[in-house]
Structures are given as structure tokens and as C-alpha cells.
Number of protein chains: 2
Amino acid sequence: MFKNISIIGPGLIGASVAMAISKSSLADQVKVWARSEASREKCKRQAWADSVHPTIKEAVQGCDLVIICTPVDTIIPLFTEMLPHLNPGTLVTDVGSVKSTICKEALTASKGSKCHFIGAHPMAGSEKAGMEHASATLLKDATCILTPDKESPPELLQMLHQFWEALGMRPFSIEAQAHDALVAQISHLPHIVAASLAASLKGLDPDLFKFSGQGLKDTTRIAGGNPKLWESILSQNSSAILDSIEQFESALSAIKTSLKNQDVAAIHKALEEGQSVRGKIEHSK
Amino acid sequence: MFKNISIIGPGLIGASVAMAISKSSLADQVKVWARSEASREKCKRQAWADSVHPTIKEAVQGCDLVIICTPVDTIIPLFTEMLPHLNPGTLVTDVGSVKSTICKEALTASKGSKCHFIGAHPMAGSEKAGMEHASATLLKDATCILTPDKESPPELLQMLHQFWEALGMRPFSIEAQAHDALVAQISHLPHIVAASLAASLKGLDPDLFKFSGQGLKDTTRIAGGNPKLWESILSQNSSAILDSIEQFESALSAIKTSLKNQDVAAIHKALEEGQSVRGKIEHSK
């Protein structure tokens with residue numbers, strides 16, 4: 001499929017992808033680029049990294065697949081930096097959580113280069129960041145959304161599908177803009193809701209959290225995510241997110257009004273609506 | 001400690017309590033009352049039920065501890081019904097998720113009866129209701145809040161503490177009103193937020209939920225709770241809940257404004273606040 005793969009940024013997702021490639025012997029060679037020396041030193045001790053490089057140029061040379069696994073605001077700068085050093089026909093992909101802006105800018109940047117960028121978003125992750133939380137099983141059975149454009153060569157798209165499938169993921173192709181509208185609702189809104197819920201309890205004596213059950217823990221889990229990563233994701237998708245926040249506010253407002261009016265039937269109706277959608281989320285696959 | 005214990009309502013919590021009593025041989029006898037015949041038939045096949053009764057009178061006769069494990073709006077009617085049939089000195093407790101109204105009304109109802117009501121709220125549960133999801137381990141290491149009043153006999157309160165402790169729980173006593181203000185924030189608000197989040201996605205093609213990661217699943221889990229149970233809980237605690245919704249709305253509004261303004265520093269600050277509180281929730285015990 002691909003012989004030489006370059007992993008740019010061995011964080012939680014990048015290292016998990018490298019582990020999964022290594023575990024299934026998908027490539028002859030995995031080359032890794034990490035920005036910090038400390039991170040490069042850590043990579044050198046990993047069985048999944050065949051070589052570790054301090055420059056983008058070295059890290060991508062001779063590769064037929066490059067996977068950019070860095071925060072979303074660094075993807076285009078890194079792609080632009082690597083372009084002059086890629087072999088013709090090289091496929092570049094990423095693992096960013098937003099796609100419209102990145103894919104549009106990548107298309108513009110790669111014009112005339114004979115290299116191709118097809119965006120990807122493995123829907124796997126954790127509120128715990130970094131290589132130390134990575135594992136090949138993180139990707140297992142999770143969805144991976146690919147966002148090709150009209151100029152994506154069908155054979156490269158097919159190879160990319162097969163690649164993520166070989167790592168145990170379930171790939172689907174949709175348009176970048178449809179992806180962003182969808183993740184605004186199923187990923188970015190839940191993140192904002194969890195963060196707001198946690199933040200709204202800042203006035204509470206932390207000692208009282210010992211009284212909480214699993215409900216509060218589950219509902220706020222993703223608020224533990226790295227603010228530095230999420231600020232870029234959210235700001236790149238703000239318009240779709242603002243729409244989804246409005247839908248949320250309208251659902252919240254219905255419960256609030258019914259509580260104010262002590263309208264038990266209306267409280268019931270609102271809860272039932274939530275329960276019904278939750279059932280669909282629970283049983284989706 | 002207690003010789004004859006009556007479990008009124010063998011649902012998720014009632015049956016779990018009965019199982020834990022039976023497992024640790026805490027009582028000579030566990031008597032069970034269930035409203036429906038189907039439920040009584042199921043109980044008769046359980047090792048943790050020594051006898052099963054169709055009337056409250058029979059179920060509480062000769063008991064020194066009665067635990068009312070039914071929905072919150074039925075606790076006072078059942079307590080009033082059982083009062084004439086209780087031995088003097090009998091302790092009655094419950095497992096309701098709201099306490100102020102129940103404890104106040106129980107105090108009024110029991111005046112002159114020589115029986116005592118001390119409210120309890122085991123902070124254990126699941127979005128799955130019913131006896132079939134019950135287990136003795138559900139209670140293990142979870143908090144149980146007791147809400148005695150000024151007239152609660154200290155020796156009975158102590159026995160009730162020891163009882164929940166013997167079931168593996170961690171009991172704490174606080175005032176009923178403080179309990180309600182606290183659970184509005186750490187339990188009822190999360191429930192409303194999860195329900196609103198799920199409900200806000202009702203317009204989405206359910207087939208698209210397969211693209212969601214664990215984040216949406218965790219954040220909406222408790223929205224699966226039974227609307228019938230929750231409508232009473234929420235409506236009995238509406239004033240404290242409305243306060244906590246306002247705090248939540250103010251946190252959400254901060255993120256919304258920062259997204260509108262594309263103010264990345266402000267997005268970061270809001271997410272960091274959420275992350276910081278989440279850390280305290282995660283590490284609380």
C-alpha cells in the first residue's frame with residue numbers, strides 16, 4: 001500500500017497511528033518528525049519509530065505517505081514547508097478535527113506540485129494528550145472521516161481508505177464542509193457544553209465533589225481536554241458551532257421555562273426528547 | 001443493628017440495597033413491598049427477599065427499619081400510609097434524590113407517632129432503571145448523604161450511619177436544604193445539560209451518530225434516565241436548579257461571545273477554567 005510513511009507530530013494520535021502501522025507491518029519504514037528534542041529522544045526509544053528527524057525535509061524525504069498529526073493551526077504551515085521536499089505523487093493527509101479551511105488552503109498550496117492532500121479525521125481520542133497515552137487500540141473500530149475534494153485522485157483516495165481500514169478504523173468520505181457542520185454538533189458542541197458545565201461549578205468548594213456520582217464525572221470528562229488544542233479547533237469552526245449552540249440553548253430554555261412554571265408535563269416532554277435522542281446515540285454504530 | 005428490614009419498592013436502588021443487606025447478613029429478615037404483581041412475582045424468586053407483600057401494612061409490620069425506595073413523589077404518601085402500622089421507635093428512611101420537602105413533610109406527618117424519619121440519598125445509580133440492573137456492588141464506595149433534622153435521635157442517626165457503612169457506602173450528614181442546593185449543582189444540572197444536549201441533536205439524521213466518538217456518548221449518558229423519575233426530582237428542587245442553570249448559562253455565554261469575536265485568548269481562558277474544575281471533579285474522593 002505505502003512503503004515509507006512519515007508521521008509528523010507523535011502526540012496521542014500520531015503515536016497511536018505509528019503503533020498501529022508497526023503492529024500490522026503496514027509499511028517498510030516509519031519516519032517520525034517531532035518539534036522538541038525531548039520528544040525526539042522519547043521516540044528514539046520506541047519500536048514503532050524506524051528513524052527520528054529534527055527537520056521536516058529529512059522526515060518526509062522518500063516517503064509516499066505523510067500524515068500530519070499536529071494541532072490544527074500548524075497543519076498548513078507544515079504542509080507548505082514540506083511541499084518542496086516531497087516526491088511527485090506523494091499523498092499527504094492529516095488528523096485534524098476541522099477540515100474546510102485546511103483542505104481549501106492545502107489545495108491552493110499544492111497547485112502545480114504533483115502532490116496531493118486528502119484530509120482525514122480519525123474520530124478517536126482522549127482527554128489525555130501526548131505520546132504516553134497512545135495505543136494502537138485507540139483507533140480500533142472508530143470512525144475515520146476522509147474529506148476528498150474534486151481534484152483528489154480516486155486511486156489515492158481508495159488507498160487512503162484501505163490504509164485507515166488496515167489500522168482497524170471505519171473510513172467514510174464526506175465533503176469537508178459537511179464534516180465541519182457534523183462535528184460542530186457531535187463533537188465541538190459536547191466539548192463546549194462539558195467545559196461550561198465544569199466551569200459553572202468553579203464557585204463550589206472542591207471538597208464537595210466527593211459527593212458527586214458518576215453522572216457529573218461522565219458529563220464533564222471531555223472538559224479535561226487540552227485548551228491549547230481546542231482553542232484552534234473551535235475558532236476554525238466557529239460559525240457552525242454557534243449554530244449548534246443556539247439549538248442547544250433552545251432545548252435548555254424549554255426545560256428552564258417548564259421548571260419556572262412547575263409544568264411537570266413539559267419537564268417530562270423535554271426529558272423524554274433527550275432520552276429518545278440519547279437512545280439513538282447509544283445504539284449507533 | 002436492625003433485625004427486620006422492610007424494603008418498599010425493589011427498583012434499581014431498592015433491590016441493590018436488599019442484595020447488599022443479604023450479602024453481608026445484616027438483618028434477620030428482609031421484607032419487600034412491590035406495587036405491581038409482576039414485580040412481586042419476580043421478587044419471590046430472589047434470594048434477598050425473605051417475604052414479599054402486596055400491602056404496606058403487612059410489609060412494615062414488626063420491622064425496626066423501613067427503607068422507602070420509590071420515586072420521590074410517592075415517598076410521603078407511602079410514609080403516611082405506613083405510620084399507623086409501625087412499632088414505636090421504628091426508623092424510616094428513604095433513598096430520594098431531593099430532601100427538603102420530603103423531610104419537612106415527614107416530620108409533620110410523624111408528629112406524636114414515636115417513629116422517626118431520617119432522609120437518605122445514596123449517590124449511586126444508573127441511567128438503567130429497574131430490579132434487573134440492581135447489584136450489591138452498585139453501592140460500593142459511593143457516598144450516602146443523610147439529612148437528619150433537630151429532632152432526629154442521635155442514636156438512631158448513628159445506627160443509620162453504621163447501616164449504610166455496612167453496605168459499603170460512605171455516609172455523611174448534612175442539612176436537607178444544603179443537600180438540595182448541592183445536588184442541584186452536581187447532579188440535577190448535569191442531568192438537564194445532558195438531556196438538553198441530546199435533545200438539541202434531534203434534527204440530525206440518527207445514522208450520523210455512528211460518526212461520533214466517546215465524547216458525545218459520555219456527555220449524554222445520563223440523559224438516558226427515566227423521565228418519569230426525573231420530572232419529580234427536578235420539579236421538587238426547581239428553585240435551586242434554576243440558580244445553577246443561570247451559572248451554567250453565564251459560563252456558556254462566555255465561550256459563545258469569545259467564538260463570535262474570534263477571541264482565541266478568551267476561548268482558551270474559558271476552556272482552561274473548565275479543565276481546571278474538571279481536574280478537581282476527576283480527583284475528588
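Me: Which way do E4(B) and E5(B) run when bridges join them?

Reply: Quick note first: this is a predicted model, where local features need pLDDT of at least 70, side-chain atom pairs count only at 80 or more, and totals for chains, interfaces and linings use all residues. Residues are numbered from 1 along each chain as its sequence is written, with chains lettered from A and ligands numbered from 1 in the order written. Strand E4 (residues 65–68) and strand E5 of chain B share 4 bridges (strands are DSSP runs of at least two residues, helices H or I runs of at least four, numbered from the N terminus; strands pair at two bridges or more). They run parallel.

Me: Which residue of E5(B) does B:Leu65 stand opposite?

Reply: Look across from B:Leu65 into E5(B). The residue there is B:Leu91.

Me: And which residue in E6(B) is the bridge partner of B:Leu91?

Reply: E5(B) also pairs with strand E6 (residues 116–117) of chain B, in the parallel sense over 2 bridges. There, the partner of B:Leu91 is B:His116.

Me: Are the residues of E5(B) buried or exposed?

Reply: B:Leu91 and B:Thr93 point one way, B:Val92 and B:Asp94 the other. Buried takes 20 or more other C-beta atoms within 10 Å of a residue's own, exposed 12 or fewer, partly exposed in between, with C-beta atoms placed from the backbone. All four are buried.
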